[in-house]
Amino acid sequence: PIAPTNLELWMACPHAYFVRHVLGVNPVEEPGDLFEISAADRGNLIHAALDRFHREVIDGQLPQPDPPGWLNLHWVRLAELFDEVADEYEATGRTGRAAAWRVDRRNLLTDLHQWFAHDSHRVQASGATVVRSEERFGGDSSVRLPIGNGRTVAVHGQIDRIDRAANGDLLVVDHKTGSARDFATITADDPTAGGTKFQLPAYAAGAIAIVGEQAPVRAEYS
């Protein structure tokens, strides 16, 4: 099975895919040369904080969102979890120079609060409850996407979050911390943006496999 992001790299630049995933050549980063936290670690930090938050909701340590959406108590706890993860990243030297990190940390928390407000409207509109967080799928080649002429491709990956809407539908949420420009061409009529974006259909299929039922599913970036 192949990860949908690897399919996207192959579509964008077959040579880059060949070098990285066939030859196994990867760029080497020197931590001492980093003046600020890397883009990858920005995303990983936010994902880790959200995963801890969502697992507390799933486990019942925090209540599921109310009809109005997430509550202030949810934000307070999410901010605490963000601080925990940020401190861990800082302690392991992954946040760059101290002066830059002070600004980056404040900006990341602001971004997280904007996500929180947006997600509150989303769960309010759907009446959603959180049922899974950071779940892997497809390692056994059981999740396959049709690619025409009776052929399929096996995919694997990790879904950031699965919700259950009030009407029983499954809602897949993939958290993004970068620019939305790369996803602007995705539409309901062209969900793969001309065969260049594969995460959402792969994650939709993965959610059905994880939950174990053929429920209607909608996948979106957040």
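Predicted model: local features only at pLDDT ≥ 70, side-chain atom pairs only at ≥ 80, totals over all residues.
Reader: OK, is Arg161 buried or exposed?
Author: Check its number against that cut-off, under 20% for buried. Arg161 has a relative accessible area of 0%, so this residue is buried.

Reader: Which residue does Arg161 meet in a salt bridge?
Author: The N to O distance of the pair is 3.0 Å. Arg161 sits in strand β4 (residues 157–164), and its partner is in helix α5 (residues 98–126), 42 residues apart.

Reader: How many residues apart in sequence are Arg52 and Glu84?
Author: These two form a salt bridge, with the closest N and O atoms 3.6 Å apart. Arg52 lies in helix α3 (residues 39–58) and Glu84 in helix α4 (residues 72–91), so the pair ties together parts whose separation in sequence is 32 residues.

Reader: And are Arg52 and Glu84 buried or partly exposed?
Author: Buried would need under 20%. Arg52 comes in at 28% and Glu84 at 35%, so both are partly exposed.

Reader: Which residues are linked with Arg52 in a network of salt bridges?
Author: Glu84 is one of them, as you'd guess from the pair above.

Reader: How many salt bridges does the structure hold?
Author: Another one is Arg132 with Glu135, closest N and O atoms 3.9 Å apart. For the structure, the count is 20.

Key: Residues numbered from 1 in each chain as written. Heavy atoms only, no water. Salt bridge = Lys/Arg side-chain N within 4 Å of Asp/Glu carboxyl O. Helix = DSSP H or I, 4+ residues; strand = E, 2+ residues; numbered from the N terminus. Buried < 20%, exposed > 50% of the residue type's maximum accessible area, 1.4 Å probe, protein only.
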